[in-house]
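Here is my note on the two-chain model you sent. Please read the points in order, with the structure open beside you.

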Amino acid sequence: MANTRGAAVKYDSVQKSYDGESLVVKNLNLDIPPGEFLTMLGPSGSGKTTCLMMLAGFEPATHGEIYLNDRPINNVPPHKRGIGMVFQNYALFPHMTVAENLAFPLQVRNVGKAEQQEKVQRALDMVELGSFGNRRPAQLSGGQQQRVAVARALVFDPELVLMDEPLGALDKQLREQMQYEIKHIHENLGVTVVYVTHDQTEALTMSDRVAVFNDGVIQQLSTPDDLYEDPQNSFVAQFIGENNKLNGKVVEIQGEECLVELGDGTKLKADRVNVASVGDMTTLSLRPERVEFDTHDSMDNLVDARIEELIYLGDHIRVRMNVAGNDEFIVKVRNRGERRTLNVGDTVPVGWALNDCKALDAVV
Amino acid sequence: MSDTTQDGQVLTTQDGKPLKAALAKALRREKLRALMLIAPLLIFVLITFVAPIVDMLFRSVENGIVSETLPETVVALREWDPASGEAPDEAVFVALYNDMVIAVAEKTHTRLGSRLNYEQSGISSLFRKTGRRIKRMDEGGPFKDQFLSADKKWGDVATWQVLQQFSPSYTDGYFLNAFDAKRGAEGIELKPADERIYMFLFGRTLFLSIVITVSCLLLGYPIAFLLAALPLRTSNLLMILVLLPFWTSLLVRTSAWKVLLQQQGVINDFLVWANIISDSGRLVMINNQTGTIIAMTHILLPFMILPLYSVMKTISPTYVRAAKSLGANDWTAFWRVYFPQSVPGIGAGAVLVFILSIGYYITPELVGGTSGIFISNRIAYHISSSLNWGLAASLGTLLLVAVLVLFVVYDKIVGIDNVKLG
């Protein structure tokens, strides 16, 4: 973030309640450095959108303070915060042309006519819609509308841009393309972006850091690869990527390692992440692509598994197996063209490394 | 599309019938079914609504009564030139005598008298008087003198001029009348200033309708805005309050305004009690234009609120949020972003209220006094009191045309596509 001109955001013990009976956001503390692309990721109702709306100024915080560049903004009305925002359904003004939409934030700031035109054109060029200025939003495709919405949120050079599930209405292919475009725009401009989504792929693709929300609390705040490789609890492990769960009991702890006994007596070695003491119940988390069929005796964990189902997916084969009584155990086998002979009903040994198996808090 | 294939063959069905004919036959059943479904209503509307209206509008030009009652006279009068300055000659009077004998026997001469009395006062009594004398006239003639001795008016050029003017089966007389004009010696001219009334009434009707539409908009817009912004449960409750007047009889509501607004009424009593006005200076708020405006605004308000509400309901609150996030303050966000999107609702509401109010009758009649009545009250007067149906029909036609013209103008300015009722 060399050329950053972004703003710093800070949530200081922010709480939010709509009805005075339950908290939607429970004691949120979050520091966003200038120029960062931070994604708030979580299922619906987890409080992520509420956090965004409080930052934009459309919802007052019940408790706590939000700072923008070290300035408290709780009492600043939305239109004076100077925050660009991209809405879920774009919210392009239907009675204005694309150029008028883009000129709107400049007009209300009393920017001169010539400068307006120049900035509008530059913003349109940035999203590769240079010749679409005279169209109405309704005459554009979903992806084009989405780009106009991004351009409009950036045209008045805000230091902070909020995006509320901006790609939700697009089809898969377009969504992926837009992810890269938004990412590149962020890299070129260096503004701070706070992005809300429930789509984990989106979060992993675009973000510098991801805050995983659940139940009004940030479950984990880390970089995308940390989030995937080192989930701090079962919710994050479940929510990010695909995950095999094995429930068991901790029987031995050695430093950062622990030994877990499953229901049928199988003992597995695991990385001790979220386990306090011997005797605790735990859920082991294991990524499907980390399970190997080519076992050798030096592997940390080796178990026999029965093949229940095979699904051919081209680049890989999904194998549903029964491991220690859990028949939802998924293994992804990369398709290397070697025509492995896997048959439903076979019992084969599978193995994985200790570090790939995380002992997390127990989920029932 | 061509009904032949490339080699010129007509496309046919399996059994050799032309495809197009088969298709038309298949679709005809569908069309017939659709027609059958709407037929009862269509027939009902045609018989009870369209036909009477067309018949009524036709009366504004229809004028068969002269040629039916005095057929021979009408023929004989064709030769007469009013510019000669003299009454017609004996031949016309012979025809008149023959016609009158039949007319008196059938008692149709008084009807003709009252019809022509619309055009020139005095003709009604002329025909009545002549009708009484006709039996005593000498059948051998000469008739001119006998008619003149019955009533000197038979010697007036004006009397005969009216008869000749209105002998064709169709007339523009009613419409001229509705335009405050008449056919004088030198063609069409305006009536004397103190006899002009209809154009003034049309003007007042238009003016008051515009005032009522504007006040409905000013009062209704904030309410519709509030209704659209509130959560559904609250807005449904408030909507019942808006609709409550709909479920109350129009007469009851208008009478309530009479109680409230009259000089010894609730509002004046309160203002006097609160020392805002003196007892001698009680406000006149009823039986004048103020009364009409207040009562009709109240009655037509739901017609403004409902279309406004249904349009505002579709305006997503995100737009205003987006405007604010882009730096617009509350007013700019409303005026630049929300208001333009609510224009279709304003258009629909305004057209609805305006068209309803321009033809309103009962409320102006009850609370309008003399200065607050509409053209429709005059039409009702001609229908039920003066029985000049032709004039009533021509005034009604003018009203209809005025509404259609305004509608077209509105379409040109706002665009009818911009009108949305929901």
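1. Start with two terms. Two strands pair if DSSP finds at least two bridges between them. Helices (H or I, at least four residues) and strands (E, at least two) are DSSP runs, numbered from the N terminus. With that in hand, look at strand 16 of chain A, where A:R320 stands opposite A:E309.

2. Now the ground rules. This is a predicted model, in which local features need pLDDT of at least 70, side-chain atom pairs count only at pLDDT 80 or more, and totals for chains, interfaces and linings use all residues. Residues are numbered from 1 along each chain as its sequence is written, while chains are lettered from A and ligands numbered from 1 in the order in which they are written.

3. The open sheet of chain A. Its 4 strands come in the order 17-16-15-18, and the pairing is antiparallel. Strand 17 (326-334) and strand 18 are the edge strands, each pairing on one side only. Neighbouring strands of this sheet are turned by 50 degrees against each other on average, direction ignored. For such angles, axes are lines fitted to C-alpha atoms, for helices over the stretch in contact, and angles run from 0 to 180 degrees between N-to-C directions.

4. Go through that sheet pair by pair. Strand 15 (residues 301-312) and strand 18 (residues 347-352) of chain A run antiparallel, joined by 6 bridges. There, A:W352 is opposite A:N301. Strand 15 of chain A also has 6 bridges to strand 16 (residues 316-323), again antiparallel. Strand 16 and strand 17 of chain A pair over 7 bridges, in the antiparallel sense. A:H316 has A:R334 as its bridge partner in strand 17 of chain A. In a regular strand the side chains alternate between the two faces of the sheet.

5. Check the turns. The hairpin of strands 15 and 16 of chain A has 3 residues between the strands, and A:G314 takes a positive phi near 85 degrees there. A:A324 lies in the loop between strand 16 and strand 17 of chain A. Its phi is near 50 degrees, a positive value in a residue other than glycine.

6. Strand 11 (residues 244-254) and strand 14 (residues 281-286) of chain A pair in the antiparallel sense over 6 bridges. A:K249 has A:M281 as its bridge partner in strand 14.

7. Chain B has 19 helices and 2 strands. Its radius of gyration is 32 Å, whereas a compact globule of 422 residues would have one near 22 Å. That radius is taken over C-alpha atoms, and the globule rule is 2.2 Å times the number of residues to the power 0.38. The C-alpha atoms fill a box of roughly 100 × 95 × 40 Å along the principal axes. Of the 422 residues of chain B, 30% count as buried.

8. Helix 4 (residues 90-106) of chain B is worth a check. What span should its 17 residues have? They should span 24 Å at 1.5 Å a residue, and the end C-alpha atoms are 24 Å apart, which agrees. The rule is 1.5 Å times one less than the number of residues. Its buried residues include B:F93, B:L96 and B:M100. Just after this helix, B:K107 has a positive phi of about 55 degrees. B:K107 counts as exposed, because it has 9 C-beta neighbours inside 10 Å.

9. Last, the interface. 18 residues of chain A are in contact with 14 residues of chain B; contact needs C-beta atoms, placed from the backbone, within 7 Å. Strand 6 (83-86) and helix 2 (98-107) of chain A each supply at least two residues of chain A's side. On the chain B side, B:Y319 touches A:A91 and A:F93, among others. B:Y319 sits in helix 15 (residues 317-325) of chain B.

Conventions
Two residues are in contact if their C-beta atoms, placed from the backbone, lie within 7 Å. A residue is buried if 20 or more other C-beta atoms lie within 10 Å of its own, exposed if 12 or fewer, and partly exposed in between; C-beta atoms are placed from the backbone. Lists of a residue's contacts leave out its neighbours within four places in sequence.
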